[in-house]
Amino acid sequence: MDTPPPTASTTPRRRGASALFWLVLLLVLAAGGWFGWQAWQARAQQEHDIEAQAAQRIDALEQHLATLQQEQRTQAGRLQRADATNRVLREELLGVGQRAALLEDSVSELADPQRSGAQALRLDELELVLGLARQRLLLAADLDGARRGYALAAGLLDGIHDPAWLSLKQTLAQERSALDDLGADPRAIAAGRLQAFAASLPPLPVTVAARDDAAQPWWRRAFARVIDVRHADTAVAIEPGDRAAGLAALQLELTLAQAAAERRDRDGYRQALARADGWTTRLWPDTPQRRERRERLRELRALPLAVDLPTLGTTLDQLRAMRASSR
């Protein structure tokens, strides 16, 4: 049986249904895209919020770490101050213990009937020894002699068991400690370093090495006896006579500086080394070795020659004051 052909009414109906289908499909796709874009925006915003929170946490951790470091430095300073305080307290405690021991020894000797005359004689001897030790250091700058004198004075003072002289013993111990802390004699240190500097100087050739005439150009060999070409701006001595005189002057200035150091003449010592520095610029060209020698000369000029002890003579002055008040 044959199928009847489509009529005119069914054709528009199919077209309308097809258009509606495509319209619905387009709306579905648009809705899906819009929801997908919204979801992507939400995820991006969430990730941005997470990154911001992480950055804030990192900043907070860095600030906390800086605070901890500052607190650590503060605690280290407090520990150092506490350590210094503990050392001071320990020294004071040792001083108290020594004073208690001296008091105990003095109390045990209070009943000695012969101590008055012997004590007066010992105090006279003590004053004499302290005066000699002080003058040895002031006049002759004999540091070792002064130390031996103060050691002898300490032995004499130990034989006096009267508790009234305990403060004098402590003053003498402090002065001896300050004298021992001076170390070596500054004059001996300066003289030794100056002698080492003089010995470290390289041998200086007085004459300039002869030139190889065969290696010179013909025009230089022809005019060598007539014209001598040299740098006009150089300060280094070239002539054999000038170099010999400069070497002798440098050695003389070093000797003068050594003699000034032995006399503790600080001005003469510095002036001699300053002149020696000038001669080094005449004898050697500008090289690292010459700059090192000049730096060593500047260090030598800065060395002290005299002994600086502000507390010198305090024991003697206290002894005289105590004896004057007891008369």
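User: What makes Arg323 and Asp124 a salt bridge?

Analyst: This is a predicted model, by the way. The closest N and O atoms of Arg323 and Asp124 are 2.7 Å apart. The cut-off is a Lys or Arg side-chain nitrogen within 4 Å of an Asp or Glu carboxyl oxygen, so the pair qualifies. Arg323 sits in helix 10 (residues 314-326) and Asp124 in helix 2 (residues 115-138), so the bridge ties together parts that are 199 residues apart in sequence.

User: Why is Arg323 called buried?

Analyst: Its relative accessibility is 10%, and buried means under 20%, so Arg323 counts as buried. Asp124 comes out at 39%. Exposed takes over 50%, so Asp124 lands in between, as partly exposed.

User: Which residues are linked with Asp124 and Arg323 in a network of salt bridges?

Analyst: Glu127 and Arg320 belong to that network as well. A search of the whole structure turns up 11 salt bridges.

User: What about Glu299 and Arg193, why do they get the salt bridge label?

Analyst: Their N to O distance is 3.6 Å, and the limit is within 4 Å, so they make it. Glu299 is in helix 9 (residues 288-301) and Arg193 in helix 5 (residues 186-200), so this pair ties together parts that are 106 residues apart in sequence. Glu299 has a relative accessible area of 38%, which makes it partly exposed. Arg193, at 37%, is partly exposed too.

User: How do you know that Arg275 forms a salt bridge with Glu253?

Analyst: Their closest N and O atoms are 2.8 Å apart, and that is within 4 Å, so the call holds. The pair links distant parts of the chain, with Arg275 in helix 8 (residues 266-283) and Glu253 in helix 7 (residues 240-263), 22 residues apart. Glu253 has a relative accessible area of 9%, so it is buried, whereas Arg275 has 38% and is partly exposed.

User: Is Thr280 buried or exposed, and how do you know?

Analyst: Thr280 counts as buried, because its relative accessibility is 1% and the cut-off is under 20%. Thr280 is in helix 8, and it touches Leu250, Arg290, Arg294 and Leu297, leaving aside residues up to four places away in sequence.

User: Which residues touch the most other members of the largest nonpolar core?

Analyst: Those are Leu126, Leu130, Tyr150, Trp165, Leu168, Leu172 and Leu319, out of 22 residues in that core. Helix 2, helix 3 (143-158), helix 4 (166-180) and helix 10 each give two or more residues. Helix 3 gives the most, with seven residues. A second, separate core has 19 residues, including Leu201, Leu250, Tyr269 and Leu303.

User: What does Trp165 touch?

Analyst: Not counting residues up to four places away in sequence, Trp165 touches Gln119, Leu123, Ile160, Leu319, Met322 and Arg323.

User: How do you know that the span of helix 10 agrees with what it should be?

Analyst: At 1.5 Å a residue, its 13 residues should span 18 Å, and the end C-alpha atoms are 18 Å apart, so the two agree.

Terms used. Residues are numbered from 1 along each chain as its sequence is written. This is a predicted model: local features need pLDDT of at least 70, side-chain atom pairs count only at pLDDT 80 or more; totals for chains, interfaces and linings use all residues. Side-chain values use heavy atoms; hydrogens and water are left out. Helices (H or I, at least four residues) and strands (E, at least two) are DSSP runs, numbered from the N terminus. Buried means under 20% relative accessible area, exposed over 50%, partly exposed in between (1.4 Å probe, protein chains only). A nonpolar core is a set of buried Ala, Val, Leu, Ile, Met, Phe, Trp, Tyr and Cys residues joined through side-chain atoms within 4.5 Å. Contact means heavy atoms within 4.5 Å. The expected span of a helix is 1.5 Å times one less than its number of residues.
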